[in-house]
Amino acid sequence: MTPTMPPFPAARLRRLRATPALRTLVRETTLSPADFIWPVFVMEGRDREEPVPSMPGVFRRTVDRVALAAKEAEALGIPAICIFPYTALADRTEDCAVAWSPDNIANQAIRAIKDAAPGIAVMTDIALDPYNINGQDGYVQGGDVVNDETVEALVKMALAQAEAGADILGPSDMMDGRIGAIRTALEAEGHRNVTILSYTAKYASAFYGPFRDAVGASGALKGDKKTYQMDPANSDEALRLVSRDLSEGADLVMVKPGMPYLDICRRVKDRFGVPTFAYQVSGEYAMLQAADQNGWLDGETTMLESLTCFKRAGCDGILTYFAPEAARVLGG
Ligand code: PBG
């Protein structure tokens, strides 16, 4: 692989770093707005947005404002937007029935984006946590998050999102068997081109803290998610999950969180060669923003560096809250 290296001074590796032009010429990885999926938070109401305190620069938006954000994304060259609902308290119940209501705010947002910016791909989140009284991604019975009953609910949720016009479904729940069940149901209902981006290697991470603030789940969550999300100490298990999800009908796979898990991204890409995404999660975003606000790091440079490193690690794209800001910088 490595060609013979002549001795110094025949080899001066600094030659190729000497000018911006030469560095550009030999750069192995590039970053562009086309690499981003932008996660946005949707809330009830009209013509309003409110800041998420633990995520500076991130807002919850009403459906009409989400549609405007989608137009902005389209203008910036961002190909996809991902919707997360901030659910009203009354919509969090034991049976989680609002999750598959055609008129919940997530499904309203899908339709509004499709109207406003038809060129944008709309991605969803499939998990019960925004609609669950206890903040877990699945039904809780006898102190346990039950798998198969949850999968039945997730299938209903997936079909409602597909009916609303979603292009990419994002099961983020980590139940076993959900990809196969969702794929079978989509085929049966004629949704042949609806794509599944599986949250395949999703770890039980403390880096999700600010997100749970953003969707109002922090107070609701009882216990942790360790019986279904992965142990951060594991790597081989991620490969088994990718193999399983692909065999069940996932089109795209994801590693989450991002920056502390780039070794997993690289292993997945090398082993399977499938479209591989990473989620630069809320805690990663919050850390960079906090350091920037304190003057401890340069925000713009660290933002671009962090995103470039996902590409270098083998990712085809990144879910990132930086999407519009990074796209603006990259677009000049
Ligand atoms: C919920 C979900 C979570 C995130 C995406 N979907 C949180 C969790 O699993 O508790 C995290 C995203 C982020 O931290 O930015 N199923």
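Ile83, Pro85, Ala106, Ile110, Thr124, Asp125, Pro130, Tyr131, Met157 and Gln161 line the second largest cavity. A cavity here is a set of points, on a 1 Å grid over the protein atoms alone, where a 1.4 Å probe fits but cannot get out, and lining residues have an atom within 4 Å of a point. Strand E4 (80-85), helix H3 (105-116) and helix H4 (147-164) each give two or more residues to that lining; helices (H or I, at least four residues) and strands (E, at least two) are DSSP runs, numbered from the N terminus. The space inside comes to about 70 Å³, with volume taken as the space filled by probe spheres set on the points, which are joined across faces, edges and corners. By class, the lining has 7 nonpolar, 2 polar and 1 charged residues.

All of this comes from a predicted model, in which local features need pLDDT of at least 70 and side-chain atom pairs count only at pLDDT 80 or more, while totals for chains, interfaces and linings use all residues. Residues are numbered from 1 along each chain as its sequence is written, and side-chain values use heavy atoms, with hydrogens and water left out.

Searching the whole structure turns up 2 cavities of 30 Å³ or more. The largest has a volume of about 150 Å³ and is lined by 19 residues, with Asp129, Lys202, Tyr208, Phe211 and Lys256 nearest its centre. Strand E9 (195-202) and H6 are the elements giving two or more residues to this lining. Its make-up is 9 nonpolar, 3 polar and 7 charged residues.

Helix H6 (residues 209-214) also holds Arg212. Leaving aside residues up to four places away in sequence, Arg212 touches Ser205, Ala217, Ser218, Leu221, Lys225 and Gln229, where contact means heavy atoms within 4.5 Å.

Then there are the pockets, open sets with protein on both sides within 12 Å along at least five of seven lines. Of its 15 lining residues, Met174, Met175, Asp176, Thr227 and Tyr228 lie nearest the centre, and helix H7 (residues 236-248) gives the most, with 4 residues.

Methods: Nonpolar A, V, L, I, M, F, W, Y, C, P; charged D, E, K, R; others polar.
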